[in-house]
Protein chains: 2
Amino acid sequence: MDELRVELGERAYPIVVGPGLIDDAARLRASIPASAAVVTSERIAPLYLGRISAALRGAGVPTIEIVLPDGESAKTAATLEMVYSALLEKRCDRKTTLVALGGGVVGDLTGFAAATYQRGVPYVQVPTTLLAQVDSSVGGKTAINHPLGKNMIGAFHQPNLVLIDTATLASLPEREYRSGLAEVIKYGLIDDLDFLAWLEGHLDALLARDAQALTHAILRSCSIKARIVAADERESGMRAWLNLGHTFGHAIEAGLGYGEWLHGEAVAAGMVAAADLSARLGYIGTADVERVVRLIARAGLPVAAPNFGPDRYLGLMRGDKKSEAGAIRYVLLTRLGVARVEPVADAIVAATLATVATG
Amino acid sequence: MDELRVELGERAYPIVVGPGLIDDAARLRASIPASAAVVTSERIAPLYLGRISAALRGAGVPTIEIVLPDGESAKTAATLEMVYSALLEKRCDRKTTLVALGGGVVGDLTGFAAATYQRGVPYVQVPTTLLAQVDSSVGGKTAINHPLGKNMIGAFHQPNLVLIDTATLASLPEREYRSGLAEVIKYGLIDDLDFLAWLEGHLDALLARDAQALTHAILRSCSIKARIVAADERESGMRAWLNLGHTFGHAIEAGLGYGEWLHGEAVAAGMVAAADLSARLGYIGTADVERVVRLIARAGLPVAAPNFGPDRYLGLMRGDKKSEAGAIRYVLLTRLGVARVEPVADAIVAATLATVATG
C-alpha cells in the first residue's frame with residue numbers, strides 16, 4: 001500500500017493506493033469513527049458492495065447500504081433525494097460517514113450528499129474507475145447535474161480518506177479504462193515532463209493494466225492533483241490547469257449530447273486542440289503537438305473532434321461555468337509540462353477548430 | 001447606521017443595523033462586486049423588492065429578481081429548484097451575489113442556494129423579520145426542509161454582509177414580532193445578565209417598536225451571536241448555547257405540527273422548561289425561574305408547553321438532529337447569563353415536563 005497526503009490544513013487527508021484495499025478493515029476503520037452508509041450503483045453493488053460492507057461490519061462499524069441507479073443520467077436531484085431519504089429513514093446522524101463506492105457519478109453525488117446532509121457529514125471516496133481514481137475522487141469537488149447544465153449544483157467538501165483499490169480496475173470496460181488514461185496524460189502535460197516521458201515509455205504496460213505501472217501512474221496523478229488542489233482549494237488560480245482539454249471537451253460532450261463520447265475521450269480531443277492552440281500562439285512547437293497527438297492516439301483515444309463549426313463551439317464554450325461574463329479562458333501549454341491560462345481571440349480558436357474539429 | 005463584524009478570518013463580514021438601509025445603494029454596492037439576484041417571497045416582494053432593486057440598479061449593479069411562494073411550507077427542494085433554474089436561465093455565473101430579502105425561510109433557502117449554485121456564490125442577508133434579524137441571518141447556517149425533518153439538508157455558508165433595516169419591522173405582524181423577542185431574551189439568558197436587565201427595563205419600548213430600543217436590542221443580540229459563532233463556527237461547542245429552549249421548542253413544533261406555534265413561541269416555552277430543569281439540577285434558584293417566566297409572559301409569549309406526555313416529548317427530542325446516537329444534550333443555565341450543555345436523566349426531564357407541559 002502506498003500513501004500520500006493532500007495538505008489542506010485541518011482538512012488534510014490521506015490517499016491510499018494498492019490492490020485489495022476494499023477488504024482492509026483496519027484502514028477503513030481508522031477513517032470512519034462511528035457508523036457508515038455505503039452508497040454505490042447497481043452495476044458496482046454485485047461486484048464490491050458485499051466485500052466492503054463485510055470489512056466495515058467486521059471492524060465493528062454499523063453499516064447501511066444505499067444502491068442507486070447507474071450512469072450519468074442518475075446524477076440528479078431525484079437520486080440525491082433517494083440518498084437523503086435513506087439516511088433519514090435509517091436515522092443516520094452527523095457522525096455517520098458516507099462511503100462513495102463507484103465511479104465519478106457515485107463519488108460526486110455522494111460527496112454532495114455528505115456536504116449537505118444535516119449541514120455536512122464526513123465521507124470516504126472508494127473510486128472504482130480509473131477516471132475517478134485519478135481525478136474526481138481527489139480535490140473535494142462534489143456536484144449533481146441540473147437539466148440546464150452539468151455539475152451546476154454542488155459544493156467543495158473534502159473527504160476524510162480516498163481509498164484506491166487498483167484491483168477494482170479489473171472489472172472496468174476497456175473503453176472506460178482508456179478514457180481514464182486521458183486524465184493521466186493530462187497530468188504529465190500540465191505539470192510534469194518526466195511523468196509524460198514515463199507514460200510514453202510505459203503506455204503498453206498501462207494498457208495491459210500492469211499492477212505496478214498502474215500504481216505508479218495513479219499515485220503520480222493523484223500527487224500532482226493533490227499538490228495543485230492544496231495550493232488552490234477553491235479554484236481561483238492554478239487549479240484551472242486541471243481543466244486542460246476540458247473547455248473544448250465539455251463543448252464536445254454538450255454538442256454531441258452527454259454520453260455519446262466518454263468524458264476522457266472528449267478531454268483527449270480537447271487536449272489536442274489545446275496543444276494546437278498553444279502552438280499557434282507560439283508557446284510550443286509543432287513537434288510538441290505531434291508528440292501529444294502520438295501519445296493520445298497510442299492510448300486509443302480520439303485526436304480529432306467532431307465538426308460542429310466554430311460558432312457552435314464558441315457558443316458552447318461561453319456557456320461553460322468556468323466562463324465569467326462570456327470570456328473564455330483557455331488552459332494552454334507554455335511548454336510540455338507547464339500550463340498557463342488566458343483568453344484567446346476567437347479567430348485563432350477558429351483556426352485550431354478548423355484543424356482539429358474535423359471528425 | 002451601526003456596524004459590527006463577525007470575526008471569521010478570511011470569511012469575516014459586517015452586520016449593519018439602521019432604519020432605511022435597503023435604500024442605501026453605496027452600502028449594498030460595497031459588498032456586491034458584480035451582478036445581483038434578489039430572492040424574496042410573495043409577501044415581501046410588493047413591500048420592499050422594488051426599492052432594493054432600484055438601489056442596486058442605481059448603483060450600477062445588474063439585478064434580477066426571483067419571487068418565491070411564501071411561508072415555511074415553501075422551504076423545500078422544489079422551491080430551491082426554482083431558484084437554480086432562474087439563475088441558470090438568466091446565465092448567472094460564479095460572480096453573481098444572491099441577496100436574500102425576507103424572513104428566515106427566504107434567508108435559509110437563499111443561503112443554501114448560494115452555498116450550492118455552481119459550488120458556491122456570495123450572498124447578502126437582508127432580513128425583514130425580527131427573528132431573522134437577530135438569529136437566522138447571522139452565523140452562516142443555511143438549509144431547506146425534508147419531508148422527514150426540518151432543516152435536514154443544508155450547509156454552513158457565511159454571507160458577505162448582513163444588512164438589517166429596522167424600518168422593515170413596521171410591516172411585521174404583532175405575533176411574529178413577539179416571536180422574535182423570544183430569541184432576543186435568549187441572548188440575555190445564555191450570555192449577558194446586563195442585557196437581560198436592560199430588556200426587563202426596556203420591554204415596553206421594545207413592544208412599542210421604539211426605533212432606538214430596537215437598534216440596541218438587535219445590535220446586542222447580533223453581537224452575542226456573532227461572538228459565539230466566531231468562536232465556534234461549526235457548532236461543536238459553545239454554539240450549542242444558542243439552542244437554549246430549542247430542544248424542547250422543536251419537540252413542541254414537531255408535536256403540534258409545524259406552523260401551529262411560531263418558532264419563537266415554542267422557544268419561549270422551551271426556555272421556561274430549560275430554566276425549570278436548571279433549577280431542578282440545582283444550578284439556578286426558583287426566583288431565577290420566576291424572573292425568566294415573568295419576562296417571557298410580559299413579552300406576550302407562552303410560558304407553558306402543550307401536554308403530549310413525557311414519552312412523546314422524549315421521543316421527539318431524541319429525533320432532533322443535534323442528538324447523537326439518541327443521547328439528548330440539554331442547554332441549561334448555570335446561572336442567569338451563563339449557559340451549559342449536558343445530558344440529563346429522563347426522570348428529571350419528566351418532572352420538568354409535568355410542571356411546564358401543562359397547556
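In what order do the seven strands of the open sheet in chain B run? The order is β1-β2-β9-β6-β5-β3-β4, and the pairing is mixed.

## Basis of the model

The model is predicted: local features require pLDDT of at least 70 and side-chain atom pairs pLDDT 80 or more, whereas totals for chains, interfaces and linings use all residues. Residues are numbered from 1 along each chain as its sequence is written, while chains are lettered from A and ligands numbered from 1 in the order in which they are written.

## The sheet of chain B

Strands (E, at least two residues) and helices (H or I, at least four) are DSSP runs numbered from the N terminus, and two strands pair if DSSP finds at least two bridges between them. The edge strands of the sheet are β1 (2-6) and β4 (63-68) of chain B, each of which pairs on one side only. From one strand to the next, the twist averages 15 degrees. Strand β3 (residues 36-41) of chain B joins β4(B) in the parallel sense over six bridges, and B:V39 stands opposite B:I66 in β4(B).

Two helices accompany these strands. Helix α4 (residues 104-116) of chain B packs on the sheet and touches β3, β4, β5 (97-102) and β6 (123-127) of chain B; the direction of this helix makes about 170 degrees with that of β5(B). Helix α8 (residues 211-231) of chain B lies across β1, β2 (13-18) and β9 (161-165) of chain B, at about 10 degrees to β1(B). Axes are lines fitted to C-alpha atoms, for helices over the stretch in contact, and angles run from 0 to 180 degrees between N-to-C directions.

## Chain A and residue A:D191

Chain A has 13 helices and 11 strands. Its radius of gyration (over C-alpha atoms) is 20 Å, close to the 21 Å that the globule rule (2.2 Å times the number of residues to the power 0.38) gives for 359 residues, so chain A is as compact as a globular protein of that length.

A:D191 belongs to helix α6 (residues 174-191) of chain A. This residue counts as buried (20 or more other C-beta atoms, placed from the backbone, within 10 Å of its own) because it has 23 such neighbours. Neighbours within four places in sequence aside, A:D191 is in contact (C-beta atoms, placed from the backbone, within 7 Å) with A:I224, A:G337 and A:A339.

## The interface

Between the chains, 28 residues of chain A are in contact with 28 residues of chain B. On the chain A side, α3 (77-89), α4 (104-116), β7 (141-146) and β8 (149-156) each supply at least two residues.

Technical notes
A residue is buried if 20 or more other C-beta atoms lie within 10 Å of its own, exposed if 12 or fewer, and partly exposed in between; C-beta atoms are placed from the backbone.
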